[in-house]
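Open the model in your viewer and keep the selection tool ready.

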Amino acid sequence: MLFTVSVVVQLPAHSALAGPLSYSSDQALEPGTLVRVPLGRRETLGVVWDAAAQPDGAQLKPVASVLEGIAPLGAAWRQLVGFAAGYYQRALGEVALAALPPQLRELDAAQWQRRLQRKSRKAAVAAAAEAPPPEPTEEQAQALARIQAEDGPFLLYGSTGSGKTEVYLRAVQEALVADPQAQALVMVPEINLTPQLEERFVARFAPAFGRHALVSMHSGMTPAQRLASWLAAHTGSARIVLGTRMAVFASMPGLRLIVVDEEHDPSYKQQEGARYSARDLAIYRGRLESRHSGQPCRVLLGSATPSLESWHHSRPAADGGKYQRLAMPSRVGAGRLPAVRLVDMGQQPRNTQLAPQLMAAIGARIARGEQAMLLLNRRGYAPVLACGSCDWKSACPHCSAYRVFHKVDRSLRCHHCGFAERVPRACPECGDVDLAPVGRGTERLEEHLTQLFEGIARPGAEGEDRRVRVLRIDADSTRHKGALEEQLAQVHAGAVDVLVGTQMIAKGHDFRRITLVAAVNPDGALFSSDFRAPERLFALLMQAAGRAGRDASQGAASEMWVQTAHPQHALFAALRRHDYPAFADGQLAERMQAAMPPFSFQALVRADARTQQAAQAFLTQASSAATELPGADQVLVYPAVPTAIQRVANVERAQMLIESASRSALQQFLAAWQAVLHSTRRDGGIEGVLRWAIDVDPLMV
């Protein structure tokens, strides 16, 4: 007897076949089973999706093979994928197959069987005795007690240095000890934060559970490593999974706790393909797992500067709050947050890079054997290379952006399309050899500091190198494998006096010797057209300030310096008081008046085309045809406009904002609009449209 089974596969983008495809099978296959099926002229991986196989599949293509030895993917996992596909307006197969490790998608049944037959090489169980964990502070103990007593979701609002990681560790331990099958998922926003967190988790849990019980999941791993981690999580042998946003889709049958560290970080929002928010999906997954297992799966969001959406959801339940807010305002060891000092750059000589008083403060730290950190969120030597005789600037020929000057390798490099070439010997327009950098990036700041401190001796023994050591950490200096770990080790060992870097050094790192942090040029976000820019800037500055004085003995003397031309701005007033609640409440009041999220709901439709005219015409025509769709009367569709950087890699980009006071009305409209967008591209008579995509709950508008 043949059975008909529905299988989801990864189809081309914007395919009209967005749902499961029907195949025949000589056996009834359980939903969640991984199979290989024919698709056109190739064979591909698929997931059996329907609730029950039905007889009579005689006229259908047969399932090619079943991947034996892998338990079916659970109902909660499939429901999570289905929700993500529907909410973020993507094909079901695209989300489902992207959530599986790439190597699993590439192996056929025979290759998979050969892999199963190879002996697995488990990591050795750590033999060292478990070091006793520190006693929890009163605030940590109160937070943990509420996590155990209530269902959540929880927002752990703790100042930098308050010991949020210790709360995560203890919450994970309590979950694993309570149930021998329990699993925990701990997410971090960026790959560079994974190794140090993994080190702490290994030290805490390897003695009791074995090193193999903890795995990582992030895009920096090899395909074989990702497959091994996924299988360990799927089989339940991995009790703890540490990962970036992709880990929210990890198959974990015993999931009982989800931790989202630095939940405010925009890196949790996927910017390509299915543009999902891993933080929001974590909340939804917690509810799903609780419903399917009958046991609570708690979700813990943690941050010193929560997203305004999470802060709003954690208001009192009587006011409509959905989350439980847990507050830890004090630093461990009675340490103090750094004093914030503002430098009015309007009172400094023109073109001053670093104010004299800031340089004096840095010099004083170096003389005491302490470390300073300077934050400049712009890598490269200078944003632009320009000719002093004509109007030539280092524009990218493929993008509507400038190429950044990198002095280290004498290159002009576009940070959008990647196009790079050597710096020309003379101006391409007029031939003048006097080409000068305009503005500054981390490379230039590093060079400037090295020159300023040349000839100044740092503390040290007679005969050792006492020159001031300046280290730069950014995406350029950490390109090579292991470079970031090596550089961070130098900072922790005290081999660096001044650390210069972008936002990648501003969060999550426990630098014990840093007592001064300075933000060199943060004003750009104060008057941005993006309504979320002040929120991101405040979070970045608060996180950066938190790197100073983490050793309680130095907390009272630690400082955060901010060079700004607008010292009277309300954002800096809140920063000086370390008063996130006041800043958040002010921003939320402004957003309520303007009907901005979280008081409204948004989506962006983006179009890429050969010309800007074609991109905007496509969006305009599609919106004109959508006026009678369900939910259209509750949705406001704005005119099509170019994106902030409208040309990237010779592709013109435009976008259209859709806004509604009702989330359900917006979802209803977008679901119905999909067919209109498909038909407009296919039959609209507009040439040159390459692709389009819907971004629900966008972070960049």
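How much space lies in the largest cavity? The answer is about 50 Å³. Bear in mind that this is a predicted model. With a cut-off of 30 Å³ or more, the count comes to one cavity.

To find the place, select Ser-159, Thr-160, Leu-337, Pro-338, Met-542, Ala-545, Gly-546 and His-578, which line the largest cavity. Colour them by class: four are nonpolar, four are polar and none is charged.

Next, select helix H14, residues 533–545. Is this helix mostly covered or mostly uncovered? Mostly covered: twelve of its 13 residues are buried. Among the buried residues are Glu-535, Phe-538 and Gln-543. Met-542 and Ala-545 of H14 are also buried, and both belong to the lining of the largest cavity.

Now check the length of H14 with the distance tool. At 1.5 Å a residue, its 13 residues should span 18 Å, and the end C-alpha atoms are 18 Å apart, so the two values agree.

Move on to the sheet. Six strands make up an open sheet with parallel pairing, in the order E14-E24-E23-E15-E22-E21. Select E14 (339–344) and E21 (470–473) to see the edge strands, each of which pairs on one side only. On average, neighbouring strands of this sheet are turned by 20 degrees against each other, direction ignored.

Finish inside the sheet with strand E15 (residues 371–375) and strand E22 (residues 498–501), which pair in the parallel sense over four bridges.

Conventions: Residues numbered from 1 in each chain as written. Predicted model: local features only at pLDDT ≥ 70, side-chain atom pairs only at ≥ 80, totals over all residues. Heavy atoms only, no water. 1 Å grid on protein atoms, 1.4 Å probe; cavity = no way out; pocket = protein on both sides within 12 Å on 5 of 7 lines; lining within 4 Å. Points joined across faces, edges and corners; volume = space filled by probe spheres on them. Nonpolar A, V, L, I, M, F, W, Y, C, P; charged D, E, K, R; others polar. Helix = DSSP H or I, 4+ residues; strand = E, 2+ residues; numbered from the N terminus. Expected span 1.5 Å × (residues − 1). Buried < 20%, exposed > 50% of the residue type's maximum accessible area, 1.4 Å probe, protein only. Pairing = 2+ DSSP bridges. Axes fitted to C-alpha atoms, helices over the stretch in contact; angles between N-to-C directions.
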